[in-house]
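Here is a short briefing for a first look. Keep the sequence and the 3D view open while you read.

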Amino acid sequence: MVDSNSGTDIGTNFAVNGNVHQVIESNGQIYLFGSFTSILGSTRNYGASLDSNTNTLREWNPNFLSPFPYPSAASGFSLDGSRIMIPGVIGTVNYVNRSNIASVNLTTGIPSNWSPSIDNEVSVLHIKRDHLFLGGSFTTISGQSRTRLAAFRLPSFELSSFNPVIPTGSVTNLISDDNNFYFGGTFGTVSGQTRNNAAAYTLDNFNLTNWTPNPNNQVSTMFDLGESILLGGLFTTAGGSASNFIRAVNKSDGLAINIPTNFPDSDVSGFASYNDIIYVGGNFSTVGGSSNQYLASFRKATGVFDSNKFQLNGGVFYNMFISNEGLMVLHGAFTSVNSTNASGTVFINLNTNQIKAWDISQTGVTTNQKRFGNYLFICGNITEKGNQPYNGYHRINLPNLESF
């Protein structure tokens, strides 16, 4: 933990002996998943829980058989708040057989009776209305054909009859609005219809929509702009138009709209928004021929990119978090942002565009972060913090916006 005013390290080394690839929060408790087997000197095989206020290790101990590679364990909570649903390459939970997904009691760590047998990895979960949607690379669930996309009814957890046929590839991201749910990844057809790497179903009756943006390569991230869906990834065409690595497409038909108005020179891997400004992160160095190193932003209303607003120098973008108040926490392999020296983590006040370095250096990849109160919980392949050997998880105090 870090003092929010001085940047002095006043925290705890949690002695995690491996990488932490997912951190989530529920009712003040933090849940970690990754490749570790020990935290704070206690055995915790690939899953553990910490009290967010005291930093103490809780007794919750699901004792998984297999580690969670990134980006596995993008978990969700049951509607009654008693259980956590965990996707990934799961073999057993507390010596009880489970296959690629598990439902675990949040207090005891004991698996519930819900035990669908899934033959390959579950990559993403999304809860909407009364359904739990799963995306991944699986082809069967409990002996029934379910290829890469499926749904369970809530709260019964009965497998839905919804059965789209996605013969190849993987579904890696899911979002929804009031009418449809949208999914992306790497695939070519959905239920016999051409749907390259992005498609949508209606929520009312699970009909495949006419939404066909057909990006010609992987969709890595999706964002709801209201009237359109913003896609990011490795593609160079989408919506019937040249679209290098990013493009907004109509919700009605998937045709491209003129947002954004320029394109980066390499892949896009993350979106966030604040005050109708869309922030874009990725592996690019220019946007529309102008320098925008790994991070750029454009106006939602016009699609026009800001000129050279923030430059990440010395290394690539990993991910970002933006609070409702306009505090951006940015992670990457950078050594400075604009003219401010910053090693791997930086704070930006998006109301003033002022940059504040985190005075504690961090080495390694940040894969996920969650806010609870004034804390930000950070996980990843973190090998060094403050020039000392460290582990895959730590928490920081978020600075007050008034401090910079």
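How many bridges join strand 18 to strand 21, and which way do the two strands run? Five bridges join them, and the two strands run antiparallel. The model is a predicted one. Start with the overall picture, then move to single sites.

**Overall make-up**
- The protein has 42 strands and zero helices.
- It holds 404 residues, and 57% of these are buried.
- Take the contacts between residues at least 6 apart in sequence: 37% of them join residues at least 24 apart.
- The accessible surface is about 15,300 Å². Carbon and sulfur atoms account for 44% of that surface.

- Strand 18 covers residues 180–186.
- Asparagine 180 has threonine 202, in strand 21, as its bridge partner.

**Asparagine 196, in a loop**
- Asparagine 196 sits in the loop between strand 20 and strand 21.
- Its relative accessible area is 28%, so asparagine 196 is partly exposed. The cut-offs behind that label are 20% and 50%.
- Asparagine 196 touches Phe187, Gly188, Asn214 and Pro215, leaving out residues up to four places away in sequence.
- Proline 213 is 17 residues from asparagine 196 in sequence, and their C-alpha atoms are 7.7 Å apart.

**Glutamine 29, in a strand**
- Glutamine 29 belongs to strand 2, which spans residues 29–34.
- Is glutamine 29 buried or exposed? Glutamine 29 is buried, because its relative accessible area is 17%, and buried means under 20%.
- The side chains of glutamine 29 and arginine 58 make a polar contact of 3.2 Å.
- Beyond its neighbours within four places in sequence, glutamine 29 is in contact with Ile24, Ser49, Leu50, Asp51, Ser52 and Arg58.

**Cis peptide bonds**
- Leucine 154 and proline 155 are joined by a cis peptide bond, with omega about 5°.
- Proline 155 lies in the loop between strand 15 (149–153) and strand 16 (158–159).
- Another cis peptide bond joins isoleucine 259 and proline 260, with omega about -10°.
- Proline 260 is in the loop between strand 26 (246–250) and strand 27 (268–274).

- Serine 191 has a positive phi, near 50°, and is not a glycine.
- Where is serine 191 found? Serine 191 lies in the loop between strand 19 (189–190) and strand 20 (193–194).
- Serine 191 has 35% relative accessibility, so it counts as partly exposed.
- Phenylalanine 245 also has a positive phi, about 75°, without being a glycine.
- Phenylalanine 245 lies in the loop between strand 25 (241–242) and strand 26.
- Phenylalanine 245 is buried, because its relative accessible area is 15%.

How values were computed. Residues are numbered from 1 along each chain as its sequence is written. This is a predicted model: local features need pLDDT of at least 70, side-chain atom pairs count only at pLDDT 80 or more; totals for chains, interfaces and linings use all residues. Side-chain values use heavy atoms; hydrogens and water are left out. Helices (H or I, at least four residues) and strands (E, at least two) are DSSP runs, numbered from the N terminus. Buried means under 20% relative accessible area, exposed over 50%, partly exposed in between (1.4 Å probe, protein chains only). Contact means heavy atoms within 4.5 Å. Accessible areas come from the Shrake-Rupley method with a 1.4 Å probe; for residues, only the protein chains shown count as cover. A polar contact is a pair of N or O atoms within 3.5 Å; within protein, one must be able to donate a hydrogen and the other to accept it, and residues adjacent in sequence count only if both atoms are side-chain atoms. Two strands pair if DSSP finds at least two bridges between them.
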